[in-house]
Amino acid sequence: MEIKTPKDVLDLIKKENVQMVDLRFMDFPGLWQHTTFPVAVIDEDTFVNGKGFDGSSIRGWQAINESDMLIVPVPETAFIDPFMEVKTLVMICNILDPVTRKDYDRDPRHIALKAESYLKSSGIADTAYVGPEAEFFIFDDVRYDTNSHESYHHIDSGEGIWNSGRDEKPNLGYKIRHKEGYFPVPPSDTLVDLRSQMALRLQEIGIEVEVHHHEVATAGQCEIGIKFNPLVKMADQLLKFKYVVKNTAHKAGKTVTFMPKPLFGDNGSGMHCHFSLWKDGKNLFAGDGYAGLSQTALWAIGGILKHAPALLALTSPTTNSYKRLVPGYEAPVNLAYSSRNRSAAVRIPMYSNSPKAKRIEFRCPDPSCNPYLAFSALAMAAADGIQNKIDPGKPLDKNIYDLPAEEAAKVPKTPGSLREALNALKNDHAFLLKGDVFTQDVIDTWIDYKMENEVEAIDLRPHPYEMKLYYDI
């Protein structure tokens, strides 16, 4: 049953004997939030006037003296929750100010809707397609804490190579070595059935799954590929994706993290974003230029590479992100573009010669990001490149990691820390303000929140490795 209108939702509630309605929205840093209502209080008015909540309790949002906010459900996002014991229908919501009745500027979904509108109004494109590849780890156990006198974390996985000598009564071997987790069959890959369960649940709620497999790292790194979609719909679906993956694992007694670098000495989890712009049913990125790209696509790459240091403050937005963006782990630390070459920040996939399949792949993002903000920023950088005809330079069709030092030094690098990325965003964000997509308030709030709550908070705390380095000084 295709859901388009409030009436469709109410009909579905009756048809499926739904008892609860769960309304969800994205907070500013990037975690899904929810509140639940009995079906008796949901009617067509709910889709106009919404339901009230305390905006001052949401990270990065309202002050205590202006806390009242409204959540307004979007009918076409509705799905039956596959995990709740009580039959529950879920809808994603937009956020309104109850006084002005205007969309809330700090609502990430509203920003993404404005990005789509800007592309159309500018005449550049009518659709931005995004296909993110969100990698993740499935662990058996995780413990962590930090306080004034101690700081630690402990992760465990039955697949972890560090357990090759553990007495498991019996230990059956087949532990995955570092960097050798890509595509081994069972019994090395212990998670194929769990990933299949995840894929089936994703399909149940309307998300098209294209593939699933073990990823490169030891200890349960995985990927489930889902079909690309327009920008806002894809951001909606990525939230559903993470929810299903986490809860399927949780039901199986395991834990999932989308943290980009949970393990030292092995590959981290990225979220390579396949991206293309379309207009009137035509792929604007297909052409007869380099790697089958159009001039429009090359200008888009120019915009992405020019603004990449600032972009990363939104697409790779955690201090942990920059422990992934280091040489030697297939991470795109060099700001260059290339066909097929996975060591470039922007890659042009060459799997198909079809003009419809032509796209670029921005490899720097990771799944810790807020997808509404990340996808919007990516689209705005590409649009700026097209509007200003930004030349991306020559492609780099060689392994960047093997370049001579003198040549490698000429290739621009990604920021080395979240602090560097936030400073880049502070100095380069005019392209995001076009069309009022990102407001100055959103940019300032993002930088201030990240600096205070993450960058400076990390800076203040002794690190366990510092004890190993310096305790005997």
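The legends below describe close-up views of a predicted model of one protein chain.

**Figure 1. The whole protein chain.**
The predicted chain contains 13 helices and 18 strands. Its C-alpha atoms fill a box of roughly 65 × 60 × 50 Å along the principal axes. Buried residues make up 54% of the 473. The accessible surface is about 21,700 Å², with 52% of it belonging to carbon and sulfur atoms. Of the contacts between residues at least 6 apart in sequence, 68% join residues at least 24 apart.

**Figure 2. Helix H3 against helix H5.**
Helix H3 spans residues 108–122 and helix H5 spans residues 231–251. Their axes come within 8 Å and cross at roughly 155°. Angles over 145 degrees count as roughly antiparallel, and H3 and H5 are therefore roughly antiparallel to each other. On the H3 side, the contact is made by Arg109, Ala112, Leu113 and Glu116. On the H5 side, Leu231, Val232 and Asp236 take part. Sorted by class, the contact of H3 with H5 has four nonpolar and three charged residues, and no polar ones.

**Figure 3. Gln237 in helix H5.**
Gln237 is placed in helix H5. Its relative accessibility is 7%, so Gln237 counts as buried. Leaving aside residues up to four places away in sequence, Gln237 touches Gly206, Ile207 and Asn229.

Most peptide bonds are trans. The bond from Lys169 to Pro170, however, is cis, with omega near 0°. Pro170 lies in the loop that runs between strand S9 (151–156) and helix H4 (192–204). Pro186 and Pro187 are also joined by a cis peptide bond, with omega of about 10°. Pro187 is likewise placed in the loop between S9 and H4.

**Figure 4. Lys179, a residue with positive phi.**
Most residues other than glycine have a negative phi. Lys179 is not a glycine, yet its phi is positive, near 65°. Lys179 lies in the loop between S9 and H4. With a relative accessible area of 41%, Lys179 is partly exposed.

**Figure 5. Lys389, in the loop between H8 and H9.**
Lys389 has a positive phi of about 50°, although it is not a glycine. Lys389 is found between helix H8 (371–387) and helix H9 (405–408), in the loop that links them. Its relative accessibility is 55%, so Lys389 counts as exposed.

Conventions. Residues are numbered from 1 along each chain as its sequence is written. This is a predicted model: local features need pLDDT of at least 70, side-chain atom pairs count only at pLDDT 80 or more; totals for chains, interfaces and linings use all residues. Side-chain values use heavy atoms; hydrogens and water are left out. Axes are lines fitted to C-alpha atoms, for helices over the stretch in contact, and angles run from 0 to 180 degrees between N-to-C directions. Helices (H or I, at least four residues) and strands (E, at least two) are DSSP runs, numbered from the N terminus. Angles under 35 degrees count as roughly parallel, over 145 as roughly antiparallel, 65 to 115 as roughly perpendicular and the rest as oblique. Contact means heavy atoms within 4.5 Å. Ala, Val, Leu, Ile, Met, Phe, Trp, Tyr, Cys and Pro count as nonpolar, Asp, Glu, Lys and Arg as charged, and the others, Gly among them, as polar. Buried means under 20% relative accessible area, exposed over 50%, partly exposed in between (1.4 Å probe, protein chains only). Accessible areas come from the Shrake-Rupley method with a 1.4 Å probe; for residues, only the protein chains shown count as cover.
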